[in-house]
Amino acid sequence: MVLTLSACSDGGSGAGEGGDGGESSAVPTPTGPSRKGPAPAAVPSVRDWKPVRGPGWNPSRHTRVVADPEGPLADEGKLLARELNVPFTKGPARTADVELALDGEVGGGREAYELSSRKGQVKISASDHAGVFYGTRTLLQSVRAQGGVADGTVRDRPDRPQRGFMLDIARKHFSAEWIEDRIREMGDLKLNQLQLHISDDQAFRVESTSHPEVVSSPRLTKAQMRRIVKLAESRHIAVIPEIDSPGHLGAVLKAHPELQLKDESGQPTEGAIDISDPGAAKIVDDLLREYADLFPGKYWHLGGDEYLALAKEDPEKSYPQLAEKAREEHGKKAGVQDLAAQWLNDRAETVREEGKKPQVWNDGVHAGGEVKVHRDRQIAYWTGKEAGERDPVEYLKEGWKLINLNDEYLYYVLGQPNDFTYPTGRRIYEQWTPAVLRGTEPVPKSLSGPEHIPGGRFAVWCDRAGAQTPQQVADGIRMPLAATAQKLWDPEKPALSWEDFKKLAIRAS
């Protein structure tokens, strides 16, 4: 019998938790035709499947999820038990059960796992609980899509360590519940990073105690954000905050107009803070430090893109106060670019002191200049269209690690301004790989591996916030996000056609 999966909350536990979790009578030996079956039906697809003859496994009234209730896999076990609507127990495992186990012999890194189905029982093992979690996602999706799994062994691992989704919550407010739904979706797709762009010219969307005057309404409270982070952690997803500077600070500048950058004629520059004013660094650093504990993950995104002072034909002439400050601090040959480079160096130092590794947009890392950009960060490469743009190969040859957010494929921009069009899952699935960093052509193979390009993110930008409702956004990104997850897990040409992949993604969700 295949159980009907029920929608369960993230609280509570499965029936029979910690106990026998079911009838003590002998569980029937599985019957059925002994044959070799298909690989588990999952998105992303499993990378290695070795079938054996057997009747396969499907959940029944005898099924339990087995793991130590006091051990490191308790959370993964309770979650799977709720999702399958079966008991969670300490075991020992028997026929019909799903056993979760840590096994240092499973190779491929902390996110790799093995899933073995034999004689009516499933065992999921990995060297780390992240891998076990991904194994449970494969099993759950396969139950949804095809009722269970055939007998055999899956050996699966991701190609890229960073696999993510970026959401602009500054220009459009998304409720905590909406974000939590995306986290559950991401977990099933084995995505492991959620970048939140929390400040921009239009709004600043997270509660602040150090600078409450900059916060917009509606916004997310810190209690809501802690709940989001906790749910993300339960799905092995790190939340990466982004407070973009020195551009895109319009919401902060509305509360602090004295820090607004103005040109030689006294005209304000949209979204740009005056980086020659010490007060500018103080307010941004205050915010960075305040949120350090709220976001306990490894990475912090500092932005750095589209500082409009650098888009001028002659930045030094247009902004003499910046040019003067640059010469004062970095020598007579220094210019506005050097002052901007030092700004990001200083913000990187701030988050590094809080134990974070910085990431920045590629158009915030310029070539040349008197001030050298510190090598303490990773570069999120999104475009070749902005001032100071550089070919991604230049960065790679210099030894930078690039995170792929190629705006040709991975940018879902509300309202489709500036020649953007909503990306399709099919185009990502059939044409894009992590090696395609800019435009449609991949970088050389020698520079395209995980050691050079650790991964990528699909991005939602809300330039025209009213163009779609949150539900329309959720519907619009569902297949592009699934396709991105597939190509980050395995960049090789997929075995399934796009139409078959799409049908599978719908059945497995």
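**Notes on helices, strands and ring contacts**

1. Let's start with two helices: the axes of H6 (residues 278-290) and H9 (residues 336-353) come within 10 Å and cross at roughly 30°. Helices here are DSSP runs of H or I with at least four residues, strands are runs of E with at least two, and both are numbered from the N terminus. An axis is a line fitted to C-alpha atoms, for helices over the stretch in contact, and angles run from 0 to 180 degrees between N-to-C directions. H6 and H9 are therefore roughly parallel to each other (under 35 degrees is roughly parallel, over 145 roughly antiparallel, 65 to 115 roughly perpendicular, and the rest oblique). H6 passes H9 in a right-handed crossing; a crossing is right-handed if the near helix is turned clockwise from the far one by less than a right angle, and left-handed if anticlockwise.

2. Before going on, a word on the source. This is a predicted model, where local features need pLDDT of at least 70 and side-chain atom pairs count only at pLDDT 80 or more, while totals for chains, interfaces and linings use all residues. Residues are numbered from 1 along each chain as its sequence is written, and side-chain values use heavy atoms, with hydrogens and water left out.

3. H9 also meets helix H8 (residues 320-330): their axes come within 8 Å and cross at roughly 70°. That makes H8 roughly perpendicular to H9. This crossing of H8 and H9 is left-handed.

4. Now have a look at the open sheet. Seven strands build it in the order S1-S7-S5-S6-S4-S2-S3, with mixed pairing (two strands pair if DSSP finds at least two bridges between them). Strands S1 (49-51) and S3 (88-89) stand at the edges with a single partner strand each, so one side of each has no neighbour in the sheet.

5. Inside that sheet, you can follow the pairing strand by strand. S2 (residues 65-66) and S4 (residues 98-102) are parallel and share two bridges, with Val-66 partnered by Glu-99 in S4. S4 is also parallel to S6 (residues 121-126), this time over five bridges, and Ala-101 stands opposite Ser-125 in S6. In a regular strand the side chains alternate between the two faces of the sheet.

6. S6 has an antiparallel partner too: five bridges link it to S5 (residues 113-118). Leu-115 stands opposite Ile-124 in S6. The hairpin of S5 and S6 has two residues between the strands, and Lys-119 there takes a positive phi near 50°.

7. Next, follow S14 (residues 357-361). How much of S14 is buried? Four of its five residues are, where buried means under 20% relative accessible area, exposed means over 50%, and partly exposed is in between (1.4 Å probe, protein chains only). S14 runs parallel to S13 (residues 299-303), joined by three bridges, and Tyr-299 stands opposite Lys-357 in S14. S14 also pairs in the parallel sense with S15 (residues 378-381), over three bridges; here Val-360 has Ile-379 in S15 as its bridge partner.

8. On to the rings. Rings of Phe, Tyr and Trp (its six-membered ring) pair if their centres lie within 6.5 Å; planes under 30 degrees apart count as stacked, over 60 as edge-to-face and the rest as tilted. By this rule the count comes to 15 aromatic pairs. One of them is Phe-204 with Tyr-291, stacked at 6.3 Å centre to centre with 25° between the planes. Phe-204 lies in the loop between S9 (193-197) and H4 (222-234) and Tyr-291 in the loop between H6 and S13, so the pair ties together parts that are 87 residues apart in sequence. Phe-204 and Tyr-291 are both buried.

9. Compare Tyr-381 and Tyr-395: this pair is edge-to-face, 6.0 Å centre to centre and 75° between the planes. Tyr-381 lies in S15 and Tyr-395 in H10 (residues 392-397), so the pair ties together parts that are 14 residues apart in sequence. Tyr-381 is buried, as is Tyr-395.

10. One aromatic cluster is made up of Trp-361, Trp-382, Tyr-411, Phe-420 and Trp-461. Phe-420 also has Lys-385 over its face, at 5.5 Å from the ring centre (a charge sits over a ring if NZ of Lys or CZ of Arg is within 6 Å of the ring centre and within 35 degrees of the ring normal). Elsewhere, Arg-182 lies over the face of Trp-178, at 4.7 Å from the ring centre.
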